[in-house]
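Trainee: I am new to this one. Can we go through it in short questions and answers?

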Amino acid sequence: MSEAGNAQRAATIAVLVENEAGVLARVIGLFSGRGYNIDSLTVAPVDETGRISRITIVTSGTEMVIEQIKAQLDRLVPVHRVADLTMEGPHLVRELALIKVVGRGENRVEALRLADAFRARVVDATTESFVFEMTGAAEKIDAFCALMRPIGLTEVSRTGAVAIARGPRGLN
Amino acid sequence: MPAATKPASTADALTMSGAEVVLRALKDQGVEVIFGYPGGAVLPIYDALFQQNSIRHILVRHEQAAVHAAEGYARSTGKVGVVLVTSGPGATNAVTGLVDALMDSIPVVCLTGQVPTHLIGNDAFQEADTTGITRPATKHNYLVKKSADLARVLHEAFYVARSGRPGPVVIDLPKDILINKAPYTEPSTAPHRSYRPQTEPDPEQIRKAVRLLKQARRPIVYAGGGVINSGPEASRLLTEFVRMTGFPCTNTLMGLGAFPANDPLFLGMLGMHGTYEANLAMHGCDVMLNIGARFDDRVTGRLDAFSPHSKKIHADIDPSSINKNVPVDVPIVGDAGRVLAALIECWKAEEAPQQRQVLAQWWRQIEEWRAKDCLRYRQEGRIIKPQHAVKRLYEITRESGRETFITTEVGQHQMWAAQYFGFDKPNRWMTSGGLGTMGYGLPAAMGVQIAHPDALVIDIAGEASILMNIQEMGTLAQYRLPVKVFILNNEYMGMVRQWQELLHGGRYSESYSAALPDFVKLAESFHAVGMRAETVDDLDRVIREMIAVDKAVIADICVAKDENCFPMIPSGAAHNEMILGEDQEGGVAGVTDEGKVLV
């Protein structure tokens, strides 16, 4: 196989599935059973009846492996549609994070200053702690957490990526 | 059960128990026979079975055998095989059969009992997380938690099992769902909400394929189990296409019978124990047409040396099989039969002439390879060579003119059966290809015999494999199934012994079949007929007697103990590095440590 064939790439894959029992286990079992990576996975119902869920998976692998992942996902019985957002064109990827920072004095002031710069919102505060809420690309959240670490970062809860294509085209 | 064809109206919708709904749905799906074993959780279904007579139940002796029997039934008829087992151990015993059906794409619907819904998750008696356990063992599975879903799920399961790439489907049925009243709905013709596999090939891909094939100088057709699964018409079309083009054709283990073995265009089986000519033609071809096969590791050998100079066309109904192991140039998603029909039509329409003269050159090369006569063996002395036993079995059954179905267990005898028994029609050969399940052959033969009561059904077995499901001799007796078990008895797990000889310095670790039963007496104790051939002088007589007896038979054929199965592509080697029988002495050069890692 050529060098190019062995090159790894990341892929953000959107999967529309029938919202039935066990569907998430099926998707996760596929990844673990066949040795694929999951960097992040999110899932929630997205249509008005609650019958369709959207799973967003961030994975990585060679081009051949990523094509396999898509084909394997697509042949699961409850899967409606599989889209490789990374390949299909410009798209938005967002993640939501809740970040707890504990500290007093100058560290509190610094935490607020940084939050402001990153457009993180304070959603909970005590005299010795803040919980910040922020959305953005994973890298932005990583950077924010890295800055908070020396000034009292205590706990992080992240949703994992959700993604959608830019422009009028819908995924149905 | 209500009367046979009465449509279920809303008025009487809730007069049926869940168990009755299950049987009604099976009946409406055309099910005539189910293979099963009762137990607490499925008693309501057994009670309903007792009170009807449109569906026949075959009582097996172990749940694994129920699934293999359903596989044999399915593979020899093209219908969906149906299994009924209880919860807990009933379901877990069925798992091997389910994975077997998954690997070989056999349509099976397996109904499993489950503890009542209010006890699920409580570690109740005979509870197992059946849907959890069988999720990776099936094409799809269901747990019915609401009576309202029952009929729909049953019909959907049959659709999923037989559509696209076929496979096993489990329906887990809690006992309260079986007892409570449930509404019945007839099979729906509405398309499935999410599962709609593509069967019709893209015409543009067909045109690309035909253009490549017309220019081919060294073409080969490599056809697999997908052709069998598509139905007998696909095999007819494959034969038409190959004869029309004059191309050489090879079949995978699962594809045997898709193209007539007695046709001069047939190169035999390919792969690890395939013929020299088939493998070298695969290696040397410039255009390969793969129809319904999946570039399995047993076929390709070392991937980076697999058919290095060819353009590859791959037609498969399962898009995930394409570009999985081997990158291809022209992918075609579609049903094998539809693809072949489209190829034939396009081939006729396409004006470009075929390279007939260069094709003749290619055939001269192939004939040189064929002249090696790689399946040659020497039957000398009185000890029966296993190859000779299969060859005589083939010749004598052929002379008898009887419709013959062959199943096998797994190991050397299986490969010898594939090499020396010729199949001219599809659906006559049942073997465990993907999973390699020892113990498959006897129950599979049972299923075949149920579907074809008047046919000659033979399980070509090894003495080790047959013991893995020997209890099914009881089922043969109960239903008077005249299955013939033809044991090539070399007192070894032959394939294990062969690998130990070739790869592990002849250290025969645990591969000797010690303390074997007396198979003749064993047959008799199960109300069958036992026979033995100890020397080559007995062989033909035993085969003829075995065929003539209208009862189950175990024929114990004592064969040479140290015979190896050749030709062979050693693990980690390429097609052009295969070893032939006479070259084997002194072990296998060419097996690297990397190769030893492979199974």
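Trainee: Let me start with one residue. Is Asn323(B) buried, exposed or partly exposed?

Mentor: Keep in mind that this is a predicted model. Asn323(B) is found in the loop between strands E11 (311–316) and E12 (330–333) of chain B. A residue needs 20 or more C-beta neighbours within 10 Å to be buried, and 12 or fewer to be exposed. Asn323(B) has 18 inside 10 Å, so it counts as partly exposed.

Trainee: What is the phi of Asn323(B)?

Mentor: Most residues other than glycine have a negative phi. Asn323(B) is not a glycine, yet its phi is positive, about 65°.

Trainee: Now chain A. Is Arg119(A) buried or exposed?

Mentor: Arg119(A) sits in the loop between helix H5 (106–117) and strand E6 (121–126) of chain A. Its phi is positive too, near 55°, though the residue is not glycine. Arg119(A) has 11 inside 10 Å, so it counts as exposed.

Trainee: What percentage of the residues in chain A is buried?

Mentor: Chain A has six helices and nine strands. Its C-alpha trace spans about 55 × 45 × 35 Å along the principal axes. Of its 172 residues, the buried part is 26%.

Trainee: And what is the radius of gyration of chain B?

Mentor: Chain B holds 22 helices and 18 strands. The globule rule gives 25 Å for 599 residues, and the chain comes close to that, so it is as compact as a globular protein of that length; its radius of gyration is 25 Å.

Trainee: What percentage of chain B is buried?

Mentor: The C-alpha trace of chain B spans about 75 × 60 × 45 Å along its principal axes. Among contacts between residues at least 6 apart in sequence, 76% join residues at least 24 apart. Of the 599 residues, the buried share is 55%.

Trainee: Why are the buried residues of H2(B) said to be on the same side?

Mentor: In helix H2 (residues 43–50) of chain B, the buried residues are Pro44(B), Ile45(B), Ala48(B) and Leu49(B). They lie on the same side of H2(B) because they cover an arc around the axis of only 140°.

Trainee: Which helices and strands are among those that cover them?

Mentor: Look around the buried residues of H2(B). Two strands of chain B are included, E2 (56–59) and E3 (81–85). The cover also includes helices H1 (18–28) and H7 (175–179).

Trainee: How many residues of H3(B) are buried?

Mentor: H3 (residues 63–77) of chain B reaches 21 Å from first C-alpha to last, close to the 21 Å expected. Gly78(B) follows it, with a positive phi near 85°. H3(B) is mostly covered: of its 15 residues, the buried ones number 14.

Trainee: Which peptide bond is cis, with omega near 0°?

Mentor: Most peptide bonds are trans. Look in the loop between strand E18 (553–558) and helix H22 (593–597) of chain B, where Pro567(B) has its place. The cis bond runs from Phe566(B) to Pro567(B).

Methods. Residues numbered from 1 in each chain as written. Chains lettered and ligands numbered in written order. Predicted model: local features only at pLDDT ≥ 70, side-chain atom pairs only at ≥ 80, totals over all residues. Helix = DSSP H or I, 4+ residues; strand = E, 2+ residues; numbered from the N terminus. Rg over C-alpha atoms; globule rule 2.2 N^0.38 Å. Contact = placed C-beta atoms within 7 Å. Expected span 1.5 Å × (residues − 1). Arc of directions from axis to C-beta.
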